[in-house]
Amino acid sequence: QVQLVQSGGGSVQAGGSLRLSCAASGPTFGRLGWFRQAPGKEREFVGGITRSGSSTYYKGSVKGRFTISRDNAKNTVYLQMSSLKPEDTAVYYCAADLGGTLVTSPASYDFWGQGTQVTVSS
């Protein structure tokens, strides 16, 4: 099955930038979604990308600030985050599935990374 290993994250001031990476091994996956979960809150969809990279979708609050890209040769997907806000603070997860269409529900993704903390201070 697909295994995902995340890297990146950290603590930045509001307005700063971070890039998260998600390296995959195992079978080639189709869609890749980024999710985040703050303490006491439900896990929510941040953005996703299809295998071709031609289809992307972002949560409204991050649109224009976050960019998802993928390097199929490296089996790696990136989440570039800019203009970070305190409300972006959460544990970020990448998740993959063999399906080819973008979905926003965590339950629709079969394989998950370990998560990485992103903290944005004001």
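## A first look

The secondary structure of this protein consists of 11 strands and 0 helices. What you see is a predicted model, so please read everything below with that in mind.

**Overall build**

- Taken along the principal axes, the C-alpha atoms fill a box of roughly 40 × 30 × 25 Å.

**Surface, interior and contacts**

- Of the 122 residues, 43% count as buried.
- The accessible surface comes to about 5,900 Å², and carbon and sulfur atoms account for 46% of that surface.
- Taking contacts between residues at least 6 apart in sequence, 58% join residues that are at least 24 apart.

**The disulfide**

- How many disulfides does the protein have? The count comes to 1 disulfide.
- Its partners are Cys 22 and Cys 94, whose sulfur atoms lie 2.0 Å apart.
- This pair links distant parts of the chain: Cys 22 sits in strand β3 (residues 18-25) and Cys 94 in strand β9 (residues 90-97), 72 residues apart.
- The link of Cys 22 and Cys 94 is right-handed, with 70° about the S-S bond.
- Are these two cysteines buried or exposed? Cys 22 and Cys 94 are both buried.

- You can find Arg 31 in strand β4, which covers residues 31-37.
- Why does Arg 31 count as buried? Its relative accessibility is 8%, and buried means under 20%, so Arg 31 falls in that class.
- Which side chain makes a polar contact with the side chain of Arg 31? The partner is the side chain of Asp 97, at 2.7 Å.
- Leaving aside residues up to four places away in sequence, Arg 31 touches a series of residues, among them Ile 49 and Thr 50.
- Further along the sequence, the residues that Arg 31 touches include Ala 95, Ala 96 and Asp 97, as well as Gly 99, Gly 100, Thr 101, Leu 102 and Val 103.
- Ser 108 and Tyr 109 are also among the residues that Arg 31 touches.

Note on methods: Residues are numbered from 1 along each chain as its sequence is written. This is a predicted model: local features need pLDDT of at least 70, side-chain atom pairs count only at pLDDT 80 or more; totals for chains, interfaces and linings use all residues. Side-chain values use heavy atoms; hydrogens and water are left out. Helices (H or I, at least four residues) and strands (E, at least two) are DSSP runs, numbered from the N terminus. Buried means under 20% relative accessible area, exposed over 50%, partly exposed in between (1.4 Å probe, protein chains only). A polar contact is a pair of N or O atoms within 3.5 Å; within protein, one must be able to donate a hydrogen and the other to accept it, and residues adjacent in sequence count only if both atoms are side-chain atoms. Contact means heavy atoms within 4.5 Å. A disulfide is a pair of cysteine sulfur atoms within 2.5 Å. Accessible areas come from the Shrake-Rupley method with a 1.4 Å probe; for residues, only the protein chains shown count as cover.
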